[in-house]
Amino acid sequence: MRSLQIALLIALLLFAIPRSHAQATARPCGGDETPGPACLLASTPVPGLPGGPVFWHIDRFASREAAARAATPRSSIVEAFGATWLFTLEGKAWRAKGGTQSAVIGPLPVQPAGAYTAEYLRSVFAPGTKAPLHVHSGPEAFYALEGDTCLEMPDGMQLGRGPGNTLFIRGGPPMLLMAVGTQPRRGFALILHDAHQPPTTLIHDWQPQGLCEQQWQRDQLK
């Protein structure tokens with residue numbers, strides 16, 4: 001009986017210990033754009049990447065119909081922040097017809113894979129808000145309509161300031177995303193990942209140095 005009790009106690013302790021990795025699932029976006037966790041706008045299979053370097057084109061349109069006329073097989077149309085957006089993965093020189101270009105981000109550090117999926121996220125972060133620590137199975141790119149973006153990885157920090165700031169990182173290393181500055185950060189993210197791997201995995205085995213936290217604290221003193 002005692003050996004059975006010990007075995008049960010060990011099982012309970014193992015269950016209580018947080019796993020080093022857990023799959024993160026983004027909630028679908030709704031109409032609520034108040035500050036909170038990132039949500040999933042679209043998850044789109046990519047029918048092959050363009051030849052040469054890959055760039056994320058972000059264009060704004062007056063309507064979904066107008067965006068559809070400019071779309072390619074590597075495009076996704078989303079509604080967010082009171083507008084219609086066309087997200088497209090093409091070469092740097094590609095241009096959407098009839099829209100207003102907001103950003104061209106890249107070249108994205110894409111690794112070879114048999115198939116790809118583009119996952120597009122929307123987020124609204126109050127200053128000081130952090131995303132959970134995580135890794136991606138492909139590059140992630142960021143575009144902020146407004147607000148300041150801070151990314152911390154093991155090899156340092158990236159900082160994006162002001163309306164329209166953009167950043168991107170390669171897949172693999174752990175990362176922390178944080179809104180710094182003094183204004184709410186509203187923006188989009190792209191995870192271009194191996195379709196056979198989870199796009200995002202939460203982690204517990206890395207701790208940042210606090211570089212973004214220190215930057216946010218400095219911003220509050222300005």
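Two residues are said to be in contact when they have heavy atoms within 4.5 Å of each other. Of the contacts in this chain with a separation of 6 or more, 78% are accounted for by residues 24 or more positions apart. The structure is a predicted model, in which local features need pLDDT of at least 70 and side-chain atom pairs count only at pLDDT 80 or more, while totals for chains, interfaces and linings use all residues. Residues are numbered from 1 along each chain as its sequence is written, and side-chain values use heavy atoms, with hydrogens and water left out.

The chain contains 3 helices and 16 strands; helices (H or I, at least four residues) and strands (E, at least two) are DSSP runs, numbered from the N terminus. Its length is 222 residues, of which 44% count as buried. Here, buried means under 20% relative accessible area, exposed means over 50%, and partly exposed lies in between, for a 1.4 Å probe and protein chains only.

Some of the strands may be followed as pairs, where pairing requires that DSSP finds at least two bridges between two strands. Strand E5 (residues 75-80) and strand E6 (residues 83-90) run antiparallel and are joined by 6 bridges. Within this pair, Val78 has Trp85 in E6 as its bridge partner. The two strands form a hairpin with 2 residues between them. Phe81 lies in the loop between E5 and E6, and its phi is near 50°, a positive value in a residue other than glycine. Phe81 counts as buried because its relative accessibility is 8%. A second hairpin joins E11 to E12 through 2 residues. Strand E11 (residues 148-153) and strand E12 (residues 156-160) pair in the antiparallel sense over 5 bridges, and the bridge partner of Cys150 in E12 is Leu159.

Attention now turns to empty space. Rolling a probe the size of a water molecule over the atoms shows where such space is left. On a 1 Å grid over the protein atoms alone, a cavity is a set of points where a 1.4 Å probe fits but cannot get out, whereas a pocket is an open set with protein on both sides within 12 Å along at least five of seven lines; lining residues have an atom within 4 Å of a point. Grid points are joined across faces, edges and corners, and a volume is the space filled by probe spheres set on the points.

The largest pocket has a volume of about 470 Å³. Its lining consists of 28 residues, and those nearest its centre are Ala26, Ala38, Leu121, Ala131 and Pro132. Strands that each supply at least two residues of this lining include E3 (36-46), E8 (116-125) and E15 (185-194). The lining divides into 15 nonpolar, 7 polar and 6 charged residues, where Ala, Val, Leu, Ile, Met, Phe, Trp, Tyr, Cys and Pro count as nonpolar, Asp, Glu, Lys and Arg as charged, and the others, Gly among them, as polar.

The model also has 1 cavity of 30 Å³ or more. The volume of the largest cavity is about 50 Å³, and among the residues lining it are Asp32, Glu33, Pro35, Cys39 and Arg122. E3 and E8 each supply at least two residues of this lining, which divides into 4 nonpolar, 3 polar and 4 charged residues.

Two residues of the cavity lining, Arg122 and Pro35, can be examined in turn. Arg122 is placed in strand E8 and counts as buried because its relative accessibility is 3%. A polar atom of its side chain lies 3.2 Å from the backbone oxygen of Gly30. Beyond its neighbours within four places in sequence, Arg122 is in contact with residues including Cys29, Asp32, Glu33, Cys39, Phe81 and Phe188.

Pro35, by contrast, lies in the loop between strand E2 (27-28) and E3. Pro35 is exposed because its relative accessible area is 53%. Leaving out residues up to four places away in sequence, Pro35 touches Val124 and Ala126. Pro35 and Ala126 are 91 residues apart in sequence, yet their C-alpha atoms are 6.0 Å apart in space.

A further example is Thr44, which is in strand E3. Thr44 counts as partly exposed because its relative accessibility is 21%. The C-alpha atoms of Thr44 and Glu119, 75 residues apart along the chain, are separated by 6.4 Å.

Terms used. Polar contact = N/O pair within 3.5 Å; in protein donor to acceptor, adjacent residues only side chain to side chain.
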